[in-house]
Amino acid sequence: MIRTPLRPLARILSARSRGENPDVIERENIRIRHEAMRDSARARAEGRLLMLGAAFVLAFGAVGFEMGVLASTDPVEPAAAAGGASIVAQRADITDREGRILATNLVTHSLYAQPQMMVDPVGSASKLAAIFPDLDVARMKKDFTGTRKFIWLKKKISPEQMQLVHEIGDPGLLFGPREMRLYPNGAIAAHVLGGASFGREGVSSAEVVGTAGVEKTFDGWLRDPANGGAPLQLSLDLTIQSTVEDVLYGGMKLMNAKGAAAVLMDARSGEIVALASLPDFDPNTRPAALTKGDPSDSPLFNRAVQGVYELGSTFKIFAIAQALDLGLVAPETMVETKGPLVWGKFRIRDFHNYGPQLSVTDVIVKSSNIGTAHVAQMIGGTRQQDFLGRLGLFDATPVELVEAPGAKPLRPAKWPEITTMTVSYGHGVAASPLHLAAAYATMVNGGTRVAPTLLKRPNATPGQRVVSEQTSAIIRSLLRQVVQRGTATFGDVQGYEVGGKTGTADKPKPGGGGYYKDKVVATFAAAFPMSDPKYVLVVSLDEPVETSGTEPRRTAGWTAVPVGAEIIRRAAPLLGLRPELESVAEAEVIRVRN
């Protein structure tokens, strides 16, 4: 800024020449300078006031906007908001092989309270207890009248319950939308599906996570938005699954069994069409796990996968198959069956006295422990272990259930000759019904190993070869004869050419204290139709007792076999298998003379 001189020399000299007072010029310049300084100061003050006003407007505008946002949205539970991450609630459906829904999502509401907004805390607590009997009325009264600002009451409620809460009319009772997992078929396929629960939660949404079964195994896939909401398609058939469970439940009750399991599997692809375990549960209201006692007493226990049992004489077919494949025996080879078979302090006996010898065929048909043990001695322990390992009987099944890796078969630490003999007829190695189903599928499908799966696999590739096609054909013939004239005659379903093998194993006492004399696991391993096996079925009953006769009967031929036959009788038509009736010879016309 250019400052004007108070006494400019030119004007002073001019004023003096005209006889004027030069001091007037100085006073005028001082006045002008002061006015300029005042105007500059006022301009600066006005600018500052304008900027301050604008700052106040912006600040109060931001506060007002945030208050409007908060007023238009539900309050967030502090604990849930602390995570700072968004909650993805969407979860893909699960369907059966035909696209029918097994698990889906349902929009529902949660219920929470903000006590500072409540009009009648004590009265509302009493009314809520009438709607939800599981809520503690005394606890609610204490919380509603205390210092808490947010209280979860119910994580999910039905529309009817929501209406009843609305009718209470207290503004401090609020609802939050959320998705929940719904299993529309109830307990059907419960052990396969497993169940789901809530992970991270807020009042507006909740994270649905799998807790067991395929829900947990495929949890990441089901929650992945990249899949575009595509459903997870299982190999199960809902109709077949329901049929198997109905028949199995009736058989379990009829045979007075503690529990039961069934596996129905495609003999070539390994696709599991039905997998049942009883007792079961409803995944919509999944019960709590047992914290003590025998895990198998819990309805959550999957007997078909987690149940590791000695499966008795169903193992005999493996010893015979290996001996046939090695060329050690043929179906007509005679094997010593004179009993008891003594090995050191051990004695091996048969259920009946079959005489001094039986053919290899009849060793299977009549289920001779002694005959099978002699065949196992021909094979030897090393080769036997290798064969059973190639069948998958020493490893956990690869089925897509989170429980499967923990269900590894039990095998002896040492393998002397007596173990070779006892394992050949199913004592000494414990495996699950699913292990047995996969092994039998390998035996009858031409000899290639089968890996069980719960996913639909229309183009499954054959596994490694375990036995030759010729051996597999002989095995099919032997299993068919067991049903026609052996220990499983109750399993012969007309038109479906059923073959199979029974197994009755004494249950071991806890702690390795020997075996019970009156408790068994009865198993029927079957395949059908035996001319071209399409499916394998394994039925296992825990502690069955058939009481229709004068004496209680526990063997598989009287317990598991009839149940398996009824499953085949009802499921085979649903599987699209047409019964092949035996040809009836044309009636002959005989000419006689009067």
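This briefing covers selected side-chain contacts, aromatic pairs, helix packing and backbone features of the structure above. The model is predicted: local features need pLDDT of at least 70, side-chain atom pairs count only at pLDDT 80 or more, and totals for chains, interfaces and linings use all residues. Residues are numbered from 1 along each chain as its sequence is written, and side-chain values use heavy atoms, with hydrogens and water left out. Helices (H or I, at least four residues) and strands (E, at least two) are DSSP runs, numbered from the N terminus.

**Aspartate 219**

- Aspartate 219 sits in helix α9 (residues 219-222).
- Aspartate 219 has a relative accessible area of 12%, so it counts as buried (under 20% relative accessible area; exposed is over 50%, partly exposed in between; 1.4 Å probe, protein chains only).
- Its side chain makes a polar contact of 2.9 Å with the side chain of arginine 223.
- A polar contact is a pair of N or O atoms within 3.5 Å; within protein, one must be able to donate a hydrogen and the other to accept it, and residues adjacent in sequence count only if both atoms are side-chain atoms.
- A polar atom of the aspartate 219 side chain also lies 2.9 Å from the backbone nitrogen of glycine 210.
- Setting aside neighbours within four places in sequence, aspartate 219 is in contact (heavy atoms within 4.5 Å) with Arg91, Val208, Val209, Gly210 and Val214.

**Aromatic pairs**

- Rings of Phe, Tyr and Trp (its six-membered ring) pair if their centres lie within 6.5 Å; planes under 30 degrees apart count as stacked, over 60 as edge-to-face and the rest as tilted.
- By this rule there are 9 aromatic pairs.
- One of them joins tyrosine 112 and tryptophan 152, edge-to-face, at 6.1 Å centre to centre and 75° between the planes.
- This pair links distant parts of the chain: tyrosine 112 is in strand β2 (residues 101-113) and tryptophan 152 is in strand β3 (residues 151-157), 40 residues apart.
- Both tyrosine 112 and tryptophan 152 are buried.
- Another edge-to-face pair is phenylalanine 394 with tryptophan 415, at 6.0 Å centre to centre and 70° between the planes.
- Phenylalanine 394 and tryptophan 415 are 21 residues apart, in the loop between α14 (381-390) and α15 (417-424).
- Phenylalanine 394 is buried at 9% relative accessibility, and tryptophan 415 is buried with a relative accessible area of 13%.
- Ring pairs also link Tyr112, Phe150 and Trp152 into a cluster.

**Charges over rings**

- A charge sits over a ring if NZ of Lys or CZ of Arg is within 6 Å of the ring centre and within 35 degrees of the ring normal.
- Lysine 155 lies over the face of tryptophan 152, 5.7 Å from the ring centre.
- Arginine 411 lies over the face of phenylalanine 394, 4.0 Å from the ring centre.

- In α14, the buried residues are Gly381, Gln384, Phe387 and Leu388.
- Seen down the axis of α14, these residues fall within an arc of 125°, so they line one face of the helix.
- The arc is that of the directions from the helix axis to the C-beta atoms.
- The buried residues of α14 pack against α11 (316-326), α13 (369-379), α15 and α16 (433-444).
- Just after α14, glycine 392 has a positive phi of about 85°.
- In helix α4 (residues 121-131), the buried residues are Pro121, Gly123, Ser124, Ala125, Leu128, Ala129 and Ile131.
- Those of α4 pack against β2, α5 (137-144), β3, α6 (159-168) and β4 (173-182).

**Alanine 522**

- Alanine 522 lies in strand β17 (residues 515-528) and is buried, with a relative accessible area of 0%.
- Its C-alpha atom is 6.2 Å from that of threonine 555, 33 residues apart along the chain.
- Beyond its neighbours within four places in sequence, alanine 522 has contacts that include Gly503, Val539, Leu541, Thr555 and Ala560.

**Backbone features**

- Leucine 278 and proline 279 are joined by a cis peptide bond, with omega about 0°; proline 279 is in the loop between β9 (272-278) and β10 (309-310).
- A cis peptide bond also joins phenylalanine 528 and proline 529, with omega about -20°; proline 529 is in the loop between β17 and β18 (535-542).
- Asparagine 256, a residue other than glycine, has a positive phi near 55°.
- Asparagine 256 is in the loop between α10 (238-254) and β8 (259-266) and is partly exposed, with a relative accessible area of 42%.
- Glutamate 543 also has a positive phi, near 60°, and lies in the loop between β18 and α18 (560-574).
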